[in-house]
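This briefing goes through one protein chain by topic. Please keep the sequence and the model open while reading.

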Amino acid sequence: MGALANQDDEEMAGSDNDDHMDEAEEMALMARRTNAGRRKSVSAEGFDPDADDDDDERVIHPKTDGQRERLSKVIADMLIFSSLDTEQTQQVLDAMFERTVSPGEHVIDEGDDGDNFYVIERGNFDIFINDPVTKVPQHKGAYKGSGAFGELALMYNCPRLATIIATDDGSLWGMDRTTFRRIIVKNAARKRKQYEDFLATVPLLSTLTPEERMKVADAMVTKNYEDGDVILRQGDPADYFYIVIEGEVVIRRRGDDPSNPDNEVVLNTYTNGQYFGELALIQNQPRAASAFAQGQCRCAVLDVQAFERLLGPCKELLMRNIPLYEQQLSEIYQDLNMNSE
Ligand code: CMP
């Protein structure tokens, strides 16, 4: 069975037939519709890293060796810190402070000015956003024991966009606004340059405005993989969404052959500009298949909160692949059954 390309890639690949005209019109319509329905959002113009004085006094919160060790562990795997150099990482370790929270405590309230950015060491936190009309808080998701929040108001100089409430006892590491802007926002400016051209070529993102694409670039991080590396594993909880920047990613699934449950079948191979990892995020389910690097490859990665916040306008496009995945699986099943007969 041939590889199934991301549906929208096929749809948007250069073609001058009438179908394509229809598709283009449909895309434009969808873009207008999603733009019209979108909640009032922050302006990417608020992002001005050069407006901050690099000579600001460094913030230092003294820590015990134990605290520093715990903090180092917490930030080690966090996407937002992954592109910092050693000196910047030291500054982050110096500047962060510990904050413990109790059940029901509001860490952030929507509409407030942004003071700190927070990284979760322990505990669960609910995310609420007020309905724009009724003002009633709507539950939008949760952080379960890990993750980070509070970056948006600091990055875009806007009021808080969501309310974050601790649901049990927990522990956070905070970073003040000045340090965040000096280190993280400066780095994000470099990332924008790095991703701008690439993201403009990704068919999935074609319905986004340039400003929305900028925000995707701000939230993205590059991950490099060697041949055979597992990028995501079948059955694991879903945390990230991936776009291939360079190289090839092969998707394999096991367990569909009753006579040989460990047998893995290749479902798809993805390359530059194609995406994967969206299904489990959309369906809120464990990974349905595993993804492996085929040769060296590089992916741009978004975490689940950024995926939901930024790619909402692309959801219709993302959902179009679901029936195709299902059809592909039933075809594989049929093939397996026929072969075992
Ligand atoms: P900020 O606006 O500074 O404060 C609230 C934080 O909630 C926000 O940054 C994000 O880090 C986080 N958040 C999580 N999900 C969402 C969402 N859907 N929309 C906006 N903010 C969100």
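In which loop does Asn284 lie? Asn284 lies in the loop between α8 and β14 (290-303); helices (H or I, at least four residues) and strands (E, at least two) are DSSP runs numbered from the N terminus. This is a predicted model, in which local features need pLDDT of at least 70, side-chain atom pairs count only at pLDDT 80 or more, and totals for chains, interfaces and linings use all residues. Residues are numbered from 1 along each chain as its sequence is written, and side-chain values use heavy atoms, with hydrogens and water left out.

**Overall make-up**

- The protein chain has 11 helices and 14 strands.
- Of its 341 residues, 45% count as buried; buried means under 20% relative accessible area, exposed over 50%, and partly exposed in between, with a 1.4 Å probe and protein chains only.
- Contact means heavy atoms within 4.5 Å. Among contacts in the protein chain between residues at least 6 apart in sequence, 78% join residues at least 24 apart.

**Positive phi outside glycine**

- Asn284 has a phi near 55°, a positive value in a residue other than glycine. Its relative accessibility is 72%, so Asn284 counts as exposed.
- Lys135 also is not a glycine, and its phi is positive at about 65°. Lys135 is found in the loop between β4 (124-130) and β5 (137-144). With a relative accessibility of 55%, Lys135 counts as exposed.

**Helix α3**

- Helix α3 (residues 65-76) has 12 residues and reaches 16 Å from its first C-alpha to its last, close to the 16 Å expected at 1.5 Å a residue. The expected span is 1.5 Å times one less than the number of residues.
- Leu71, Val74 and Ile75 are the buried residues of α3. Seen down the axis of α3, these buried residues fall within an arc of 85°, so they line one face of the helix; the arc is that of the directions from the helix axis to the C-beta atoms.
- Exposed on the other side of α3 are Asp65, Glu69, Lys73 and Ala76.
- The cover over the buried residues of α3 includes α4 (86-95), β3 (116-122) and β8 (170-176).

**Second largest pocket**

- The second largest pocket has a volume of about 410 Å³. On a 1 Å grid over the protein atoms alone, a pocket is an open set of points where a 1.4 Å probe fits, with protein on both sides within 12 Å along at least five of seven lines. Grid points are joined across faces, edges and corners, and a volume is the space filled by probe spheres set on the points.
- Of the 23 residues that line this pocket, Leu267, Leu279, Ala288, Ala289 and Tyr325 are the closest to its centre; lining residues have an atom within 4 Å of a point.
- Two or more lining residues come from each of β11 (240-254), β12 (264-270), β13 (275-276), α8 (278-283) and α11 (321-340). The largest share of the lining, five residues, comes from α11.
- The lining of the second largest pocket divides into 14 nonpolar, five polar and four charged residues. Here Ala, Val, Leu, Ile, Met, Phe, Trp, Tyr, Cys and Pro count as nonpolar, Asp, Glu, Lys and Arg as charged, and the others, Gly among them, as polar.

**Individual positions and their contacts**

The contacts below leave out residues up to four places away in sequence.

- Ser83 lies in the loop between α3 and α4 and counts as partly exposed at 43% relative accessibility. Ser83 touches Gln88 and Asn187. Ser83 and Ile184 are 101 residues apart in sequence, with 9.3 Å between their C-alpha atoms.
- Ala162 is found in the loop between α5 (151-156) and β7 (163-166) and counts as buried at 16% relative accessibility. Its contacts are Ile108, Asp109, Glu110, Ile127, Phe128 and Ile129. From Ala162 to Glu110 the separation is 52 residues in sequence and 4.5 Å in space, C-alpha to C-alpha.
- Phe198 is found in helix α6 (residues 177-200) and counts as buried at 15% relative accessibility. Phe198 touches Ile243, Val244, Ile245 and Gly273.
- Leu310 is found in helix α9 (residues 304-310) and is buried, with a relative accessible area of 9%. Leu310 touches Leu208, Lys215, Val216 and Ala219. Leu310 and Ala219 are 91 residues apart in sequence and 9.0 Å apart in space, C-alpha to C-alpha.
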